[in-house]
Amino acid sequence: MTESWDGGARVWIDKQSPRAYRALNEAARAVRETAAEAGLDRFLVELVNIRVSQLNGCAYCLHVHVRAALRRGETTQRIAVLPAWRDTDLFTDKERAALALAESVTTLPDARVQDQDYAEAARHLTAEEISAVAWIAITMNAFNRLSIVSRHPVPRQAPAPSGADARPTERNAT
């Protein structure tokens, strides 16, 4: 299957190579289980998915994971300020450590910066949590690249009713 854009076409590599795509989905399932076994809540997992997708500029994955986070009760405020998470106190130390580690896994800075990010993560996350966050970022990076290369479209949706987003659901920080 191909999607036309600006006079060209992209192969939807997930449709073109379904066996490889099924393997990636199986890896994602294993990573979800790893995250759950490590005790990471779905709010944190979705924050990592969203942040990695922001860094990679993957519109389709942002669409999927922002909606998932909102359905689970994440606030629009926290999602809106996620690109500037270092400049706000809306995120817990654990979330901040996970976000820093996910950014490091995604951007692969020099070894010194990676070591600093890892040391900060180790102050707030267990070895199991560090491993799970790294795997979440690695897997999200793979899905981002799949969707960017394939140019998966973001489906249009109807606007929310007036006032529907005026009172976001609050939750206790983890």
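**Exercise 1.** Is Val 11 buried, partly exposed or exposed?

*Solution.* This is a predicted model, in which local features need pLDDT of at least 70, side-chain atom pairs count only at pLDDT 80 or more, and totals for chains, interfaces and linings use all residues. Residues are numbered from 1 along each chain as its sequence is written, and side-chain values use heavy atoms, with hydrogens and water left out. Buried means under 20% relative accessible area, exposed over 50%, and partly exposed in between (1.4 Å probe, protein chains only). Val 11 has a relative accessible area of 38%, so Val 11 is partly exposed.

**Exercise 2.** Find how many disulfides the structure holds, and examine Cys 58 and Cys 61.

*Solution.* A disulfide is a pair of cysteine sulfur atoms within 2.5 Å, and a search of the whole structure finds 0 of them. For Cys 58, the nearest cysteine sulfur is that of Cys 61, 3.4 Å away, and Cys 58 is in no disulfide. Cys 61 is likewise in no disulfide. As for accessibility, Cys 58 counts as buried at 2%, and Cys 61 counts as buried at 5%.

**Exercise 3.** Describe the largest nonpolar core and the surroundings of Ile 136.

*Solution.* A nonpolar core is a set of buried Ala, Val, Leu, Ile, Met, Phe, Trp, Tyr and Cys residues joined through side-chain atoms within 4.5 Å. The largest has 25 residues, and those touching the most other members are Leu 40, Val 48, Leu 125, Val 133 and Ile 136. Ile 136 has contacts (heavy atoms within 4.5 Å) that include Val 31, Leu 40 and Val 48, with residues up to four places away in sequence not counted.
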